[in-house]
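Good morning. I will go through one structure today, a sheet at a time, and then a helix pair. Please have the model open.

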Amino acid sequence: MVTLSEDRVRVRRWGAHDVDLPAVVARLHELQAELTRHDGTEQEHPHPRNCVLNLVVMVEGSHRIEAADRAVASLAAGHPLRAILIHLHGGRGTGGLDAEITSEAHRLVTGFPVQREQILLHVRGEVTRHVSSLVEPLLVSDVPTYLWWSGRQRLDEATIRDAMTFADVLVVDSARFEHPVDSLLELAHLVADPEVSNGVADFRWSRLRPWRDAIGQFFAPEHRFLLLADLQEVVAEAAGSGPDARVGAALMAGWAAAGLGWRFVSTSSAGEDATEAVADADGHQVHLTLRSVSNAHLHHGELMLIRLTGKSGRRAFTFTMERDQGGDPHGHVTIELGSGPPVRQRLTLPRMGDPDLLVHVLWANQRDPVLHGALQAAVPLLETMR
């Protein structure tokens with residue numbers, strides 16, 4: 001590990017066991033003052049504190065703390081922030097709260113602004129039921145707040161409602177959940193609630209972006225855009241077994257249904273590893289098949305194939321995008337239009353880590369209408385998979 005020298009990054013740390021929240025807030029302000037006034041006289045202005053967002057991370061397990069710390073450190077270089085890591089049921093004190101604070105000031109052209117403030121709270125007992133009471137006093141005002149739930153357990157409704165009191169956006173990775181079908185249904189109901197103004201973001205949605213982009217590019221030319229009204233069949237396959245593996249495929253189907261105004265008129269299970277549906281598309285039917293297919297080289301739930309077929313007059317068309325079956329990060333697109341020769345293309349499908357996925361979330365609207373629409377449209381498929 002490379003340690004940067006004091007003349008490039010100034011770091012201050014503090015930690016305590018069995019501490020109360022006012023003591024944490026006081027120490028945070030002291031460290032901030034120490035860094036902003038470092039090397040300065042009373043007549044000089046303090047170094048500024050940069051902060052464009054609050055990032056609250058709820059974690060379970062020490063290994064997730066280390067991963068979240070790396071993600072926050074990577075993100076802070078381009079997005080100065082205050083991060084609050086909540087380690088549920090963690091620490092070793094007899095009280096309800098242990099705390100660690102890290103503050104970093106980086107040398108820039110204009111001086112040493114504070115780029116990263118991170119508070120790690122190990123919480124136990126009754127405190128875990130009221131996370132908002134811990135988080136709200138630590139937030140920087142007038143900047144958006146993102147809550148990243150990085151655990152595998154699904155968030156219960158009470159925890160979600162508590163989190164929504166301080167967070168502008170709830171960030172999850174539905175691919176990590178132990179019960180992704182139920183979790184995605186909860187998210188769909190959340191975004192459909194007219195009383196909830198908060199946004200929802202899902203790392204799985206960002207991983208699906210290359211697939212959505214490829215499909216969108218196929219239909220982008222004017223003469224192909226008209227083919228959307230003549231789709232007849234959609235097939236999606238995902239790695240793994242059981243309904244949980246098909247959640248990403250259902251989300252893609254929901255994206256198509258929301259964008260094209262489809263209404264699912266029937267959904268059914270075709271065994272343990274397939275879900276079938278029929279959608280009404282402005283007077284004609286589109287048949288959808290979502291399958292789980294065993295693959296030892298890909299992660300459970302990763303998309304393996306999407307095929308769209310249709311017929312416009314006498315001219316048939318097929319769009320196929322297939323993931324490399326050996327696990328290499330690329331896919332193959334095949335386009336067949338009428339009697340012409342197939343057009344083939346190789347696309348890169350990069351594997352993105354948590355820092356990259358967090359950046360994608362920050363780029364998106366706080367309320368992403370496309371994701372929210374896809375979640376709501378996918379509900380009939382997800383309920384069938386339940």
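In which sense do β14 and strand β15 (residues 330-337) pair, and over how many bridges? The pairing is antiparallel, and it runs over 7 bridges. Before I go on, please note that this is a predicted model.

One of the positions along this pairing is phenylalanine 319, whose bridge partner in β15 is isoleucine 335.

Is threonine 320 buried or exposed? Its relative accessibility is 9%, and buried means under 20%, so threonine 320 counts as buried. Leaving aside residues up to four places away in sequence, threonine 320 touches Leu305, Ile306, Arg307, His332, Val333 and Thr334. With arginine 307 there is also a polar contact, side chain to side chain, at 3.4 Å.

Next, strand β6, residues 145-149. Here 5 of the 5 residues are buried, so β6 is largely enclosed by the rest of the structure. Both faces are covered: Thr145, Leu147 and Trp149 are buried on one side, Tyr146 and Trp148 on the other. What does β6 pair with? Strand β2 (residues 53-59) pairs with β6 in the parallel sense over 5 bridges, and asparagine 54 stands opposite threonine 145. Strand β7 (residues 169-172) also runs parallel to β6, joined by 3 bridges. There, tyrosine 146 has valine 169 as its bridge partner.

Last, two helices. The axes of α9 (residues 247-260) and α11 (residues 369-377) come within 7 Å and cross at roughly 105°. The two helices are therefore roughly perpendicular to each other. On the α9 side the contact is made by Leu251, Gly254, Trp255, Ala257 and Ala258, and on the α11 side by Val370, Gly373, Ala374, Leu375 and Ala377. Of these contact residues, 8 are nonpolar, 2 are polar and none is charged.

That is the end of my part.

Note on methods
Residues numbered from 1 in each chain as written. Predicted model: local features only at pLDDT ≥ 70, side-chain atom pairs only at ≥ 80, totals over all residues. Heavy atoms only, no water. Buried < 20%, exposed > 50% of the residue type's maximum accessible area, 1.4 Å probe, protein only. Polar contact = N/O pair within 3.5 Å; in protein donor to acceptor, adjacent residues only side chain to side chain. Contact = heavy atoms within 4.5 Å. Axes fitted to C-alpha atoms, helices over the stretch in contact; angles between N-to-C directions. Helix = DSSP H or I, 4+ residues; strand = E, 2+ residues; numbered from the N terminus. Parallel < 35°, antiparallel > 145°, perpendicular 65-115°, else oblique. Nonpolar A, V, L, I, M, F, W, Y, C, P; charged D, E, K, R; others polar. Pairing = 2+ DSSP bridges.
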